[in-house]
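The paragraphs below lead through a predicted model. They take up a chain, then a ligand site, then the nonpolar cores.

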Amino acid sequence: MAEDIIDIINFQSLKTTGIKVNYLYVCERKLWLFDRGIQMESTSDKVLIGKLLGEDSYPREEKRDMMIDNLINIDIVGNNEIREVKYSNRMYNADRIQLLYYLYYLKQLGIEKKGIINYPKMRKREEIILTDDGAREVEAALVRVKEIVGMDKPPELQKKPYCTKCAYYEFCFG
Amino acid sequence: MRNYYIFSNGRIRRKENTVYIENEQGEKRAIPIEDIDTIHVFGEVDLNTKLLNFLAQQNKIVHFYNYYGFYSGSFMPRDRNVSGELLVKQVEYYLDNEKRFYLAYSFVEGATFHILRNLREYKNTENFQEKIRTEMIKALETNTINELMGCEGRARDIYYEAFNVILKPEFFIDKRQKRPPTNPINALISFANSMIYSTVLSEIYHTQLNPTISYLHEPRQRRYSLSLDIAEIFKPLIADTIIFKLVNNNMLKIEDFEEDVNYCYLNNTGRKKFIKEFDQKLATTIKHRKLKRHVSYRSLIRFECYKLIKHLINDELYKPFKAWW
Ligand code: SF4
């Protein structure tokens, strides 16, 4: 019981947006820049396609784009599951931790569901269940997000294979 | 996305997702909104809030110029991405003398690099180059913005004097006059600088930098003084090279200028000639060494803003852009 209370207090100080948890696994530098409001204009076609996929792929679902506490924005909420729709599985780990975080968040609110990532373009789906290990991984991620955004300058530039496709590419290397 | 320039009188309106430019003769030109980056209005044009709201929603900028072709103001949609932290940093670097001086000097350094690069292209400019270098060395030993500005001003005067060696004799420059320009070359320089200024402003607008806080120029000097700062680097690189080309290849003639009581200014034919070259130049690409991509001159201006941001957030020391080709 005592442990639970501490958990809840910690969670209150650690909770953040889904996108930041996602970015943590993509690039810590991107996370820092994004957190400071240094964002790139989303003129990229990818972003647009992602949006269209989200809007058109599942027209009959009941609840779409559900926003909770202004922090997490779930694409689709069904009875037993929450779903995210993604363009490709290139960033699978980042998408996975994001969804795990949503499941974790909902659990704090007393709601238990499973997660599904849909890749309509690839006709694929991945199921994601919040296990104890998953919960610990989420907690570690939240602590790390807090550490990163608390830094007084952005994490140093390190070239990653996907930098050239990142919206910050020109910012980082220009 | 590109720049659109409106020289004729008439109106601009929105119809669905298209912007229509209509001249006095009723000729219409349709521009899909996605194709617009910035609209520059030189003519006398009517527009309404329906259009402005649409442009705002699509995050498009409009720059307006007065009768003489000088920048008079902009319509810039409400800032979408502001960064409070970056604004605080911008101010901090202005208030701290040492930090401000570093940036101010960097802008002058970038400008001078391109000035000397231009002069090297022409014979008999060695003594001008020498004098400019001397001013720059003096500038290094100063430590107030005022003294720096003094050196910069003298270097610039020497540079404009060299124009008489570079340019054909009809375009003799006696001394640089800004307000108002009273002879063709001054009118041309003013117009060219005004175009660089508004172009830099558009690029700044697409970042989180606040255009009103500057380092070399005083923030109170002009509303968007950061644009003046960054423009310094690109004036010799872009504007002056176009001036040399237009004048020395007989592309611009004295007939392309008009004179008023106090003013000399480029007329529409002259402006069109300049802008044609200007647009081509901005779209010209060069291979970027770090990005390993071809990037346009226009993106180089954007990158300058990014570099300044990186400097301000303590990520990477700002070094002014110096053309390497
Ligand atoms: S370009 Fe590379 S280093 Fe920069 S934010 Fe994107 S992923 Fe991170």
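Following the sequence of chain A, the order of its elements is α-α-α-α-β-β-β-α-β-β-α-α. That chain holds 7 helices and 5 strands. Of its 174 residues, 43% are buried. Among the contacts in chain A with a separation of 6 or more, 68% join residues 24 or more positions apart.

Next comes the ligand, which sits in the largest cavity. Two elements of chain A, helix H3 (28–35) and helix H7 (169–173), each give two or more residues to the shell around the ligand. The residues around the ligand include four cysteines, A:Cys27, A:Cys163, A:Cys166 and A:Cys172.

In soluble globular proteins, nonpolar side chains tend to be buried together. In this model, the largest nonpolar core has 133 residues. The residues with the most contacts inside this core are A:Phe171, B:Phe234, B:Ile238 and B:Phe274. Helix H7 of chain B, residues 225–248, supplies the largest share of the core, with 14 residues.

What does B:Phe274 touch, leaving aside residues up to four places away in sequence? Its contacts are B:Leu188, B:Phe191, B:Ala192, B:Met195, B:Ala239, B:Ile242, B:Ile243 and B:Leu246.

Terms used
Residues numbered from 1 in each chain as written. Chains lettered and ligands numbered in written order. Predicted model: local features only at pLDDT ≥ 70, side-chain atom pairs only at ≥ 80, totals over all residues. Heavy atoms only, no water. Near = heavy atom within 4 Å. 1 Å grid on protein atoms, 1.4 Å probe; cavity = no way out; pocket = protein on both sides within 12 Å on 5 of 7 lines; lining within 4 Å. Sits in = over half its atoms within 2 Å of the grid points. Helix = DSSP H or I, 4+ residues; strand = E, 2+ residues; numbered from the N terminus. Core = buried A, V, L, I, M, F, W, Y, C linked by side-chain atoms within 4.5 Å. Buried < 20%, exposed > 50% of the residue type's maximum accessible area, 1.4 Å probe, protein only. Contact = heavy atoms within 4.5 Å.
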